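Reader: I have the sequence and the model open side by side, and I would like to work through some of its surface and packing details with you.

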Amino acid sequence: MLQAHQGSGNKARPVTMAGWKYSIGVRVVLFCFMTVLFYFSLAPNILPEKFDIVVGNVNEKNIVAPKQIPDKKATLKAQEEAAERVAPSYPIVSFKNEKLMDIVLNRIETVNVDELISFSEKVDLYRRVIPQMFDDYINSFKMDNRSTYSSKLLDEMSKRIEEQKYRVPEETFIKIARLSKDDITDMKPVGRDIVSKLMSDSIADATVARAKVAEYVNASSLTKRSTREVIQELVRLSITPNKFYDEEATKEAKVQARENTPQVFIKQGDIIVKRGQVISQDMYDLLKENELLKSEVNMWPQLGLLLLSFMFIGVLFMFMRQSSSTHFKYNNAQLLMLAIIFTINVLALHIVAYAQTETSTYIGYVAPVALGVMLITLLLDVSLAYISAVVFSVMASIVLNTQQGELFDFNFGFLALVVSYAAIFAIHRASQRSTILKAGIMICIFGSLTVITLAMMNGDPLNSRDTLLAAGLAFSSGLVTAVLVIGLMPFFEVTFGILSALKLVELSNPNHPLLRKLLTETPGTYHHSVMVGNLAEQAAESIGANGLLCRVGAFYHDIGKTKRPSYFIENQTNMDNPHDFIDPKLSTSIITAHARDGAEMLKDYKLPKPIRDIAEQHHGTTFLKFFYYKAIKLAEEQGGEPDFTEDDFRYPGPKAQSKEAAVVGIADCVEAAVRSLRHPTVEQIETMIHKIIKDRLDDNQFNDCDLTMRELDIVANSLKETVMGIFHSRIEYPDTSKVSDKSHEKMQHKLPAKEDTPSAAHHAHADKLSVHADEEASRVDKANLEDREEVAELNKGRPGHKEGE
């Protein structure tokens, strides 16, 4: 395990995060902005607009209904109109008056055959009894049907019957007294039949029906004039009105008509009060009843919306906080980018929602709801995209909702969730911009299938116009989303200096002008850079850093060598080393300049800052020992005192500010050091890697990045495995014979002494690392170890080789 011991180098200093990117105040402002964004983006769909008006004043602007609101006055008017259209109720009462005819004729038959009653008495009896029999029949009917008809209807019936009661002529009673039994027998069926026929019709006015009696009698089977005249009068007596006005039924019908009248609404978007119109009391009451006046404020919806906004922010904050145990996962620049992405997605939803109507809700399916999660996946983090997808789905279900009285629209919310997750799964490993189009196709497919599925679950026919339009718009939404993502990606990459995976893959293209320049002018450096990229990528991914950034950064990290390629040993083919003929200070200036030159070249070619940082920081402030001791030797030979210090032979820095820059620097040294070994063994490689990391650790080169000792140990193991894979054919696997500790002591004495001033944080680990290195070295063959040390010592500080080699 890697541990640190006291060593020389610059004084350790803690990592500080200064500037607005790490300011807590700026972070709070950004979270407040997102809370406000959530609140006001959802407010139009949850909180109605309030108006400040006074009765009698002229309205200054059109007052538009913010939502569908009931119009009580219009509803009452519609109810009264519906009640007025209700026709009076005239039920038909079935009297069965043919029974009355039978009763009268039977009584006449009984009286006429009675010889004890004189003719005059019979006439007088009929004058009194026949009208009374009519009254008794009607009263009996009323008594028998109290439960069938209302009292008011029965009273109305009595009134109308009394008004239209038939008065039998006086001579008819005389004629009745003269009827024989046979005459009465002939009259019975005729009278019953005529009464039944006439009473089967609705009769409001009995006079009209009675006018038809003569015609029916003349057409009957009766032949005697007297019988025809008598039956005609008796039928007219039996005919009564059977259609009466029912006041209670009419009132009930009017009540039912009022209740069945649908409530009148003012539709969302309709003008309630026009501009320039005088505010009437009715208008004022309408707005007041629906809580649309500023004086009538209901705080509960506002508090509920505010709580929902805080819940959204709370979910995002807790995820960002808990995803990293040591610090906030995203800096303020990334948080600002997240806020902009949310703003763009919300604006897109509102633009589509503006085009929706109650009859064309399917327009909402064209909304690019997956736009935000795709940008978050590509530019920030796939885990954050999963959380954001839920937030976007809830917002879509509110913003795109057109159902009155409903807060959320399940269809739009479910569709947004499905297409968002489909987009994340399709794009989270994107390596080419064409992948965005593939993700758009996935959105098209899953969006259309979701719409069709929901339509089938709701029982809607698949061939209906609305279903087909909704599925088509959901399909087009995927294409719109892909186009918007492709268009917005360069904006975020340039504005925020974001190195997305897509951008990194583009920069790794060998046809890039700088890589072409590196290959043609410095082929040795190019090959070295490719090997460093392979080593750094695996090591970075093993500790959770950005492996792709390390690989691409390694491709460009030595681009500064193209300015003076012959001064670097990997490019010296069939030529003398120019450093053998110049002053060590000049050699140091040339060597250390390649980091600064590389950063400037990368800036000229507008490469992103993380790539430039790797080129500038991969050497940190490491010490060029070879040229320092060469300068010391020259000073001694000239008999003078050195006019320089160790700091004059160090790289200008800065030290690695990120894990990626530190890993590339380690891989750079390891690749050069391993290539300097003639016949490397597993033990030599492992010892070499540990020594390089330990030297940098002792020199405080990792103080400005957040690499931990455990991560350095993981990096060492990863580099060992990768090196063994790359140089497999060259690696020898020696026997287990032990090498004496003296050989290691000899190796240690060859290294120049260093004055130790490390940070206290590394002291506790120093001795353990030294012991580990000693144990590893003790197993190395003595001859091979000495040979390696000689080569590494000669190469130390030389161009193309790194400190610690």
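Reader: Which helices each supply at least two residues of the nonpolar patch?

Author: This is a predicted model, and in it a nonpolar surface patch of about 590 Å² is made by Ile441, Met442, Ile445, Phe446, Leu449, Phe475 and Leu479. Leu449, for one, lies in helix H18, and H18 gives the most to the patch, with five residues. The helices that each supply at least two residues are H18 (434-457) and H19 (465-496).

Reader: Are helices H23 and H25 parallel, perpendicular or oblique to each other?

Author: The axes of H23 (residues 547-556) and H25 (residues 609-617) come within 9 Å and cross at roughly 60°. The contact is made by Leu549, Val552, Gly553 and Tyr556 on the H23 side, and by Pro610, Ile611, Ile614 and Ala615 on the H25 side. Angles from 65 to 115 degrees would count as roughly perpendicular and those under 35 degrees as roughly parallel, and the crossing angle is roughly 60°; H23 and H25 are therefore oblique.

Reader: How many residues apart in sequence are the parts that the pair of Lys188 and Glu109 ties together?

Author: Side chains of opposite charge can pair when their charged atoms come close. Lys188 and Glu109 form a salt bridge in which the closest N and O atoms are 2.9 Å apart. Because Lys188 lies in helix H7 (residues 181-199) and Glu109 in helix H3 (residues 98-112), the pair ties together parts whose separation in sequence is 79 residues.

Notes: Residues are numbered from 1 along each chain as its sequence is written. This is a predicted model: local features need pLDDT of at least 70, side-chain atom pairs count only at pLDDT 80 or more; totals for chains, interfaces and linings use all residues. Side-chain values use heavy atoms; hydrogens and water are left out. Patches are made of residues with over 30% relative accessible area and no salt bridge: like charges are joined within 9 Å, nonpolar side chains (Val, Leu, Ile, Met, Phe, Trp, Tyr) within 5 Å. Accessible areas come from the Shrake-Rupley method with a 1.4 Å probe; for residues, only the protein chains shown count as cover. A salt bridge is a side-chain nitrogen of Lys or Arg within 4 Å of a carboxyl oxygen of Asp or Glu. Helices (H or I, at least four residues) and strands (E, at least two) are DSSP runs, numbered from the N terminus. Axes are lines fitted to C-alpha atoms, for helices over the stretch in contact, and angles run from 0 to 180 degrees between N-to-C directions. Angles under 35 degrees count as roughly parallel, over 145 as roughly antiparallel, 65 to 115 as roughly perpendicular and the rest as oblique. Contact means heavy atoms within 4.5 Å.
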